[in-house]
Amino acid sequence: MFTGIITDIGTVLELEKRGDLRARIGCAYDVDGIEIGASIACDGVCLTVVALGTEPQNWFDVEISAESVSKTNIGAWQTGKKLNLERALKLGDELGGHIVSGHVDGVAQITAMVDEGDSTRISFDAPEALAKFIAPKGSVALNGTSLTVNEVEGTSFGINVIPHTQEVTTWGGVAVGDKVNLEIDTLARYVARLQEWQG
């Protein structure tokens with residue numbers, strides 16, 4: 001489990017197609033404190049650490065299944081791409097964002113960006129099947145970042161990104177047309193399922 005509070009910006013150092021896709025991700029984490037088999041959310045996708053190293057910088061390797069590639073923006077990853085990173089929660093950690101599983105539901109596309117004071121309002125188009133789970137003042141995880149929804153109209157929704165978030169995540173470098181990993185709020189999923197069951 002994660003919170004959607006990003007703790008590092010990583011860099012894709014290598015990509016290798018084996019049976020699955022293998023990625024080496026450079027990070028500022030102390031890799032001596034990471035165990036093989038640990039979960040790290042990379043742009044919101046929960047991935048398992050399979051190798052660690054420190055040269056030429058701290059890094060960890062992950063293996064990514066074809067299923068994960070098909071449901072996320074990982075297929076567009078290239079060497080040098082910056083990624084939002086978050087290590088898995090430990091018992092007793094502060095829950096600063098909202099509960100995020102790291103199981104991406106689909107991909108949303110940035111359709112507009114407008115500066116509002118020091119913040120930036122970003123609009124997205126969500127997949128139609130997921131739009132019903134997105135509600136004003138609800139939470140979504142976008143590229144692993146816990147964000148509050150401002151408005152929703154059909155499959156379109158908007159959020160505001162404050163300067164701090166732009167500085168400590170990859171949100172300071174996004175552009176119209178970018179595809180981002182979308183995870184809907186777990187509570188919204190269960191509410192919708194209960195309504196279907198009772199209907």
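User: What joins β1 to β2, and through how many residues?

Analyst: A hairpin of three residues joins β1 to β2. The model is a predicted one, in which local features need pLDDT of at least 70 and side-chain atom pairs count only at pLDDT 80 or more, while totals for chains, interfaces and linings use all residues. Residues are numbered from 1 along each chain as its sequence is written, and side-chain values use heavy atoms, without hydrogens and water.

User: What makes β1 and β2 a pair of strands?

Analyst: Strands are DSSP runs of E with at least two residues, numbered from the N terminus. Two of them pair if DSSP finds at least two bridges between them. Six bridges join β1 to β2 (residues 21-26), so the two strands pair, and they run antiparallel. Within this pair, V12 stands opposite I25 of β2.

User: Which strands form the closed barrel?

Analyst: The closed barrel has six strands, in the order β1-β2-β5-β4-β3-β6, with antiparallel pairing. One of its links is made by four bridges between β1 (residues 8-17) and β6 (residues 82-87), where N84 is the bridge partner of I9. Another is the antiparallel pairing of β2 with β5 (residues 59-64) over six bridges, where L21 stands opposite I64.

User: Why is E183 called buried?

Analyst: Buried means under 20% relative accessible area (1.4 Å probe, protein chains only), with exposed over 50% and partly exposed in between. E183 has a relative accessible area of 2%, and therefore counts as buried. This residue is found in strand β12 (residues 179-184).
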